[in-house]
Amino acid sequence: MRVPTLVKTAAAVTATAAAGAVATSTGTSSRWYRRLRKPAWQPPSAAFPVVWTPLYGLIAVAGARALDRSEGPERAAFARGYALNLALNAGWTALFFGARRPGAALAEIAALNASNLVLLRRAARTDRTAGAALAPYVAWTLFAAALNGAIVGLNRGGAGLRWRS
């Protein structure tokens with residue numbers, strides 16, 4: 001893995017994380033979010049930054065490794081998929097917390113999970129370590145989709161909430 005590639009993937013991942021942080025900064029403390037019914041198995045709010053920080057690091061390293069070990073059309077396809085994946089990652093946070101649209105966010109995270117699987121397959125085909133580095137991200141977003149789905153289910157027609165699905 002070359003340093004210039006890692007700098008680029010780290011910058012892209014940092015921009016994604018920053019976009020998510022902006023969207024959640026008011027979202028998790030808002031009255032709207034506090035009033036949502038959540039499943040008993042939802043982790044505490046403090047767990048999310050603890051989980052996402054290393055995941056974002058792994059995404060940057062995996063991206064750099066896969067990019068540096070591929071070339072031509074394969075490299076271009078991975079780069080496009082990587083960019084799309086990061087856009088979908090940021091998009092979920094904007095939909096769920098920013099727009100307060102858990103139903104739309106659920107559809108979006110389904111697209112993110114499909115993108116994750118394609119990205120994981122491409123990365124692993126190019127570099128097994130890159131694929132392994134993406135596996136925790138794939139697992140976490142599958143869990144996040146289940147959590148998002150549970151929140152949608154628990155809050156359908158929910159008691160005075162400004163629900164926009």
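User: In which handedness of crossing does helix 4 pass helix 5?
Analyst: In this predicted model, helix 4 passes helix 5 in a left-handed crossing.

User: What are the packing angle and the axis separation for helix 4 and helix 5?
Analyst: Helix 4, residues 72-98, packs against helix 5, residues 102-126, at an angle of about 155 degrees, and their axes are 9 Å apart. Angles over 145 degrees count as roughly antiparallel, so helix 4 and helix 5 are roughly antiparallel to each other.

User: How do the residues of that contact divide into nonpolar, polar and charged?
Analyst: The contact of helix 4 with helix 5 comprises 16 nonpolar, seven polar and three charged residues.

User: Moving on to helix 6: at what angle do the axes of helix 4 and helix 6 cross?
Analyst: They cross at roughly 25 degrees and come within 13 Å, helix 6 being residues 128-155. Helix 4 and helix 6 are therefore roughly parallel to each other.

User: Which residues meet there?
Analyst: From helix 4, Asn85, Asn89, Trp92 and Phe96 meet Tyr137, Asn148 and Ile151 of helix 6. By class, this contact of helix 4 with helix 6 has four nonpolar residues, three polar ones and no charged ones.

User: Which residues of the largest nonpolar core touch the most other members?
Analyst: Val13, Ile59, Phe78, Tyr82, Phe96, Leu134 and Tyr137 do, in a core of 33 residues. Helix 6 supplies the largest share of this core, nine residues.

User: What does Tyr82 touch?
Analyst: Leaving aside residues up to four places away in sequence, Tyr82 touches Thr9, Val13, Ile59, Ala60, Gly63 and Leu119.

Terms used
Residues numbered from 1 in each chain as written. Predicted model: local features only at pLDDT ≥ 70, side-chain atom pairs only at ≥ 80, totals over all residues. Heavy atoms only, no water. Axes fitted to C-alpha atoms, helices over the stretch in contact; angles between N-to-C directions. Helix = DSSP H or I, 4+ residues; strand = E, 2+ residues; numbered from the N terminus. Parallel < 35°, antiparallel > 145°, perpendicular 65-115°, else oblique. Left-handed = near helix turned anticlockwise from the far one by under 90°. Nonpolar A, V, L, I, M, F, W, Y, C, P; charged D, E, K, R; others polar. Contact = heavy atoms within 4.5 Å. Core = buried A, V, L, I, M, F, W, Y, C linked by side-chain atoms within 4.5 Å. Buried < 20%, exposed > 50% of the residue type's maximum accessible area, 1.4 Å probe, protein only.
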